[in-house]
Amino acid sequence: MCIKLFLVLLLLLVANQLMGTGYGTWKEGFQRDKFLAGLYKLLILCLGYGAVALSAHAAGAYIEEAQYISGLLIEPVCRYFAKLVGTLRSMVGEKSVTRQDKSGDR
C-alpha cells in the first residue's frame, strides 16, 4: 500500500507542477526560476516520501506492523489533492484575461 500511496503522491506532484507551469505561463509568461524551484520542491518531496515508502515496504517483509508507517503518506496525498482541487476551482472560476488584455494591447 505504501508504494501505491507514494505513486499517487508523485502523480499529484507532477500534475501540480504541470498545472502551475501552464497557468503561470498563461498569466505572467514563463519564469525559469519559479519552474526550477518547483522541480526542486518536487525532487525533495519525492526523495523524502520515497524513502518512507521504500522503508515501510522493505520493513513490512520482516515486521508486519511496519506497514503502518505508510499511514504517514496519507496526509501529503490528501493535502496535495485538496490543493489541486482548489487550484482547478480558481482557474475555472477566473475570468479569461490574457496578458495582452492586461497591458492594454488589443
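Helices here are DSSP runs of H or I with at least four residues, numbered from the N terminus. By that rule, glutamine 17 sits in helix α1, which covers residues 2-28. The model is a predicted one.

Start with the overall layout. The protein has 4 helices and 0 strands. Along the sequence the pattern reads α-α-α-α. Of its 106 residues, 24% count as buried. Take the contacts in the protein with a separation of 6 or more: 77% of them join residues 24 or more positions apart.

Now return to glutamine 17. Is this residue buried or exposed? Its relative accessibility is 14%. Buried means under 20%, so glutamine 17 counts as buried. What does glutamine 17 touch, beyond residues up to four places away in sequence? The partners are Phe35, Gly38, Leu39 and Leu42. With phenylalanine 35 there is also a polar approach: a polar atom of the glutamine 17 side chain lies 3.3 Å from the backbone oxygen of phenylalanine 35.

Next comes the nonpolar interior. In soluble globular proteins, nonpolar side chains tend to be buried together. The largest nonpolar core in this model has 14 residues. Phe6, Leu9, Leu12, Leu13, Cys46, Leu73 and Tyr80 have the most contacts inside this core. Which elements give two or more residues to this core? They are α1, α2 (32-60) and α3 (74-93). Helix α1 gives the most, with 6 residues.

Leucine 12 deserves a separate look. It is among the residues with the most contacts inside the core. Setting aside neighbours within four places in sequence, leucine 12 is in contact with Val77, Tyr80, Phe81 and Leu84. Tyr80 is also listed among the core residues with the most contacts.

Two packed helices are described by the angle between their axes and the distance between the axes. For α2 and α3, the axes come within 13 Å and cross at roughly 150 degrees. Angles over 145 degrees count as roughly antiparallel, so α2 is roughly antiparallel to α3. Which residues meet where these helices touch? From α2 come Lys41, Leu45 and Tyr49. From α3 come Pro76, Arg79, Tyr80 and Lys83. By class, this contact has 4 nonpolar, no polar and 3 charged residues.

How values were computed
Residues numbered from 1 in each chain as written. Predicted model: local features only at pLDDT ≥ 70, side-chain atom pairs only at ≥ 80, totals over all residues. Heavy atoms only, no water. Buried < 20%, exposed > 50% of the residue type's maximum accessible area, 1.4 Å probe, protein only. Polar contact = N/O pair within 3.5 Å; in protein donor to acceptor, adjacent residues only side chain to side chain. Contact = heavy atoms within 4.5 Å. Core = buried A, V, L, I, M, F, W, Y, C linked by side-chain atoms within 4.5 Å. Axes fitted to C-alpha atoms, helices over the stretch in contact; angles between N-to-C directions. Parallel < 35°, antiparallel > 145°, perpendicular 65-115°, else oblique. Nonpolar A, V, L, I, M, F, W, Y, C, P; charged D, E, K, R; others polar.
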